Amino acid sequence: MDHQELEEEAEKVKLLGIWSSPYVVKVMWALRIKGVEYDYIEEDLRNKSNLLLECNPVHKKIPVLIYQGKPIAEPDVILEFINDVWKDSGHRILPEDPYERAMARFWSKFGLDKLSPPIWKWFTTQGKEQEDAYEAAMEQLLLLEKVLDEKKFFGGQRIGFVDLSLGSLSYVIPIYEDITGVKLITSDKFPRLSAWMEGFVGLPLVQEHLLPLDKLQPRYQAIREPFLSK
């Protein structure tokens with residue numbers, strides 16, 4: 001490469017990820033909202049590349065976004081970066097109002113800290129432990145149902161930060177339900193969440209980067225089995 005080609009290569013936006021990660025796909029959705037072109041680099045987490053280790057030496061995890069040769073790690077940090085750098089492209093991912101922005105961060109963290117753990121425990125346990133996890137998950141889902149209120153998306157009429165953070169629920173929960181044979185979210189109990197899941201996963205930009213469900217289901221089944229044999 002000549003000097004100009006090296007500079008052009010360094011200027012490219014790159015995303016390091018793995019095909020099955022919900023954290024990676026939400027970054028893809030955000031880049032799609034902003035109309036950002038990028039090179040995707042598939043990682044092997046059993047044999048992490050030097051590039052990944054150099055770009056994220058602290059956590060050594062994906063996703064990592066590389067912008068003008070500089071790496072940004074952690075999915076929600078990446079989403080905020082995308083929102084700010086390409087603020088004049090697409091629509092806003094985070095609200096401009098400080099209070100609404102704080103609430104978006106709060107409910108995104110809620111999904112990670114309060115909602116995902118009981119759902120995962122419900123999926124990977126049996127008997128009384130599973131029943132308790134089910135009840136805990138239902139309690140948290142009811143809070144989200146109220147937050148949605150009459151809105152189409154958590155971001156209003158268009159998807160935003162919270163939608164992207166919780167978006168994987170729209171396809172992961174149905175997989176969990178198929179594997180366990182138990183319905184977690186029904187239109188009777190959660191009419192707004194059910195409508196949100198259907199509306200979110202049906203968006204063209206989500207469909208463009210939807211993880212291959214035929215590969216995900218056996219993957220989750222295989223992940224679940226060791227937990228049940230303990």
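This is a predicted model: local features need pLDDT of at least 70, side-chain atom pairs count only at pLDDT 80 or more; totals for chains, interfaces and linings use all residues.
**Entry 1: charged pairs.** I then recorded a salt bridge between the side chains of R32 and E208, with an N to O distance of 2.7 Å. That distance falls inside the limit of 4 Å set for a salt bridge.

**Entry 2: polar contacts.** I looked up the polar contacts next. Between domain 1 and domain 2 I found 6 residue pairs in polar contact, both residues at pLDDT 80 or more.

**Entry 3: the domain 1 side.** I asked which elements give two or more residues to the side of domain 1 that touches domain 2. They are helix 2, residues 22-34, and helix 4, residues 75-85. Helix 2 provides the largest share of that side, with 9 residues. Sorting the side of domain 1 that touches domain 2 by class, I recorded 10 nonpolar, 3 polar and 5 charged residues.

**Entry 4: domain layout.** I checked the domain assignment of the protein chain, which places domain 1 at 3-86 and domain 2 at 98-229. The contact draws on 18 residues of domain 1 and 21 residues of domain 2. I noted a separation of 24 Å between the C-alpha centres of the two domains.

**Entry 5: buried area.** I looked up the area that domain 1 and domain 2 bury between them, which is about 1,700 Å², with 64% of it on carbon and sulfur atoms. W19, W29 and R32 supply 42% of the area that domain 1 buries against domain 2, more than any other three residues.

How values were computed: Residues are numbered from 1 along each chain as its sequence is written. Side-chain values use heavy atoms; hydrogens and water are left out. Domain bounds come from an automatic or database domain assignment. Contact means heavy atoms within 4.5 Å. Buried area is the accessible area (1.4 Å probe) that two parts lose on being put together, summed over both. A polar contact is a pair of N or O atoms within 3.5 Å; within protein, one must be able to donate a hydrogen and the other to accept it, and residues adjacent in sequence count only if both atoms are side-chain atoms. Helices (H or I, at least four residues) and strands (E, at least two) are DSSP runs, numbered from the N terminus. Ala, Val, Leu, Ile, Met, Phe, Trp, Tyr, Cys and Pro count as nonpolar, Asp, Glu, Lys and Arg as charged, and the others, Gly among them, as polar.
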